[in-house]
Amino acid sequence: MNKRIAVLLSGRGSNFQSILAASQSGTLGGQVGIVISNRPGAGGLDIAREAAIQTALIDHQSYESREAFDADLASVLESQSPDLVVLAGFMRILTPGFVSRFAGRLMNIHPSLLPLYPGLHTHQRALDAGDSHAGATVHYVTGELDGGPPILQAKVAVQPDDDEESLAARVLQVEHQIYPTAINWHLSGRLQFEQGRLHLDDKLVPPTGQQWEPS
Ligand code: GRF
């Protein structure tokens, strides 16, 4: 049966676009069934509409609590029975109840070499620290912010003349490679997460995720 994913986003949606492209070319192993945004102006919603993918807007500003927002989000998601829920620039912290409901089928991409720099301003923090490399990590989501088990990580060398913008742009290019790959691994049943250990094809995944090698 065709696997279905649900995408949650808040902004321009370039990661969603790379996932959509992989789906259209047959390399994702599934289809995007719905795109949900918490922001009315999210560019990702336009990309979905153009591709005739179902969209939903659940504006967090209309809710009095995080719990109420997450309850509506969960019920829209459950109506889709997704095999995987993908956070692609979704700028909301999810409640523990939501995270445990979708445990094992909730994935995020974070623009740093986790466990370095959870949270915001990751590229500036890497530059301020004088790091030789920056990058991005796809991970399963747990209750800890940007703290779930890393699946796949890509490194990018920091150049002497990099600023936050130039570094972010180069990291984004590798994000577009690794997110569809990690999603494909999940949808094709190659990832197993049990008792706190993540395996890919029965091999233990390193604590910072599989290291991505450009092909
Ligand atoms: C990406 O940098 C991603 O790592 C982070 O949010 C950004 C989303 O960008 N979680 P886009 O909307 O996919 O272009």
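A salt bridge here is a side-chain nitrogen of Lys or Arg within 4 Å of a carboxyl oxygen of Asp or Glu. By this rule the count comes to five salt bridges. The model is predicted: local features need pLDDT of at least 70, side-chain atom pairs count only at pLDDT 80 or more, and totals for chains, interfaces and linings use all residues. Residues are numbered from 1 along each chain as its sequence is written, and side-chain values use heavy atoms, leaving out hydrogens and water.

**Salt bridges**
- Arg 49 pairs with Asp 46, with the closest N and O atoms 3.0 Å apart.
- The two sit three residues apart in helix H2, so about one helical turn separates them. Helices (H or I, at least four residues) are DSSP runs, numbered from the N terminus.
- Arg 49 is partly exposed at 48% relative accessible area; the class lies between buried (under 20%) and exposed (over 50%), with a 1.4 Å probe and protein chains only.
- Glu 78 and Arg 101 form a salt bridge at 3.2 Å, N to O.
- Glu 78 lies in helix H3 and Arg 101 in helix H4, so this pair ties together parts 23 residues apart in sequence.

**Ligand**
- Residues around the ligand (a heavy atom within 4 Å) include Arg 12, Asn 15, Ile 109 and Glu 175.
- A side-chain N or O atom of Arg 12 is 2.5 Å from a ligand oxygen atom.
- A backbone N or O atom of Asn 15 lies 2.8 Å from an oxygen atom of the ligand.

Definitions and conventions:
A polar contact is a pair of N or O atoms within 3.5 Å; within protein, one must be able to donate a hydrogen and the other to accept it, and residues adjacent in sequence count only if both atoms are side-chain atoms.
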